[in-house]
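Here's a quick briefing to read with the model open in your viewer.

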Amino acid sequence: MKATRPRTTGRKATAALLGMLLAVSVVAACGSSKKGAAGTSGRTLKVPSDYKTITAAVQAAKPGDLVLVAPGVYHEAVDVTTNDIVIRGEDRNKVILDGDFTKANGIRVLNAKGVAVENMTARDYKSNGFFWTGSDGYRGSYLTAYRNGDYGVYAFKSTHGLFENSYASGSPDAGFYIGGCQPCDALIRNVVSEYNGLGYSGTNSGGNLVIMTSTFRHNRAGVVPNTGSYEPCYPERDNTIVGNLVYDNNYDQGPAIDSARLAQENGILIAGGWNNKVLRNLVYDHKLTGIALVPYPETNPSDVVPTNPPKTCAEQAQQPKPTNVPAAELWPSKGNTVEGNVVRDSGLADLATADSDASAKNCFADNTSKVTAPLDLETLLPCSGTGSGDFTKGPLDLAKLVARETAPSGDYKTQPVPAPQPNMPDAKSAKAVPATNVPPTVDIDAVKVPKAPS
């Protein structure tokens, strides 16, 4: 099974190419004297030598340009509205956007297409480190985000995206988040997320959304795709979570929103998600469960659980809401596949589901584990053939878990400062590549269970 890159929504490849060529010709006609990095046709706008601030350079940039930022601490909140530009730091650990705990977002991309942000750090923002919203085509590479008040690296209502080779810590919500998109057509790979409320969270996101070969550790909870009608595109569905290292997500002194406190001490927790694939992950050392499928209880919902959800967000937005919505709705987890994972050292159960029968059509197969809830889970819910057994033996006690006491949220402003992170190769001279052809194709079948760190 391969995850392939689908056609670009709303813009064909030929049109995108013509648009880039047109942008280049306009720049050339303006008589720019700045030569593009590594021979690209776009300009290179240098900060602070050409422009004193990142904001000034971004406002001057045109499609195809590179904003190249020298080492320094920049006390800015940068908004980006220009398509197809690249913003890059010369040194990931020394190009630092600092929000002083007063500014909202480090870099916020607003409805712009093809914007890539690379090789820099965002810290101490009230909301988010790096944030794309309403973007078709986005990329964040070699980013560090820490001590931010909501998310570290964040995409919302955005499609055709890639987060890679990045690090996030110290956020009360999630280190990495992709939400409110269907289909998302997005990839997260080779990231590290720690000391957050959730390592990864994605509300109502999916459709060729792959989370792979990454590390989620020391968060309240590890990887938590979830559903709720409080955001668009519900339910969460069609994620592939493959080849990740998920361990020791028991950090109860860190910052955490209420949902993170509810989910804490679990490795991979599908909360009200549909048709996800959890494949060949190494998950260990959690006080509650390693991998669990649970319903998501939503109070004051805006809609009811659909029988057949629309295929896209746009289709769902056109549907009328029911006149009678209950005071609470329970979003089930159904149609999920948990296969080939290695799960160990879980305090409650390595594998778990809230299912009381086979009607939700979840399945478990070829996992390495010791304790499951209910007992003998792979026999109860196999991925081929008909299951057998007793769901009442050793069931998952959800009521007990929901009622348990959890430590209050810690202060995100006092979370650990990360060690220096790997730099982007040849950051000063590498060709500027906007995010116009993402996500890349990945071979899901080739991804193996990772090894534990030494």
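Lysine 94 counts as exposed, since its relative accessibility is 51% and the exposed class begins over 50%. Keep in mind that this is a predicted model. Lysine 94 sits in the loop that runs between β5 (86-89) and β6 (95-98).

- Setting aside neighbours within four places in sequence, lysine 94 is in contact with Pro71 and Gly72.
- From lysine 94 to alanine 168 you count 74 residues in sequence, while the C-alpha to C-alpha separation in space is 16 Å.
- Threonine 240 belongs to strand β21 (residues 239-242).
- Is threonine 240 buried or exposed? With 12% relative accessibility, threonine 240 counts as buried, because buried means under 20%.
- Once neighbours within four places in sequence are left out, the contacts of threonine 240 are Leu209, Val210, Ile211, Lys277, Leu279 and Ile444.

**Salt bridges**

- How many salt bridges does a search of the whole structure find? The search comes back with twelve.
- One of them pairs the side chains of arginine 139 and glutamate 118, at 2.7 Å from N to O. Arginine 139 is in strand β10 (residues 136-146) and glutamate 118 is in strand β8 (residues 115-123), so this pair ties together parts that are 21 residues apart in sequence.
- Aspartate 124 and arginine 147 are both buried.
- The side chains of aspartate 345 and arginine 344 form a salt bridge too, with an N to O distance of 2.7 Å. Here aspartate 345 is partly exposed at 47% relative accessibility, and arginine 344 is partly exposed with a relative accessible area of 34%.

**The chain as a whole**

- The protein chain contains six helices and 33 strands.
- What radius of gyration does the protein chain have? It has 22 Å, which agrees with the value near 22 Å that a compact globule of 454 residues would have.
- Along the principal axes, the C-alpha atoms fill a box of roughly 75 × 45 × 45 Å.
- Of the 454 residues in the protein chain, 56% are buried.
- Take the contacts between residues at least 6 apart in sequence: 66% of these join residues at least 24 apart.

**Surface and charge**

- The accessible surface of the protein chain is about 18300 Å², and carbon and sulfur atoms account for 52% of that.
- On the charge side, the protein chain carries 44 positive and 44 negative side chains. The centres of those two sets are 8 Å apart.

Key:
Residues are numbered from 1 along each chain as its sequence is written. This is a predicted model: local features need pLDDT of at least 70, side-chain atom pairs count only at pLDDT 80 or more; totals for chains, interfaces and linings use all residues. Side-chain values use heavy atoms; hydrogens and water are left out. A salt bridge is a side-chain nitrogen of Lys or Arg within 4 Å of a carboxyl oxygen of Asp or Glu. Helices (H or I, at least four residues) and strands (E, at least two) are DSSP runs, numbered from the N terminus. Buried means under 20% relative accessible area, exposed over 50%, partly exposed in between (1.4 Å probe, protein chains only). The radius of gyration is taken over C-alpha atoms; the globule rule is 2.2 Å times the number of residues to the power 0.38. Contact means heavy atoms within 4.5 Å. Accessible areas come from the Shrake-Rupley method with a 1.4 Å probe; for residues, only the protein chains shown count as cover. Lys and Arg count as positive and Asp and Glu as negative; His and the chain ends are not counted. The place of a charge is taken as NZ of Lys, CZ of Arg, CG of Asp or CD of Glu.
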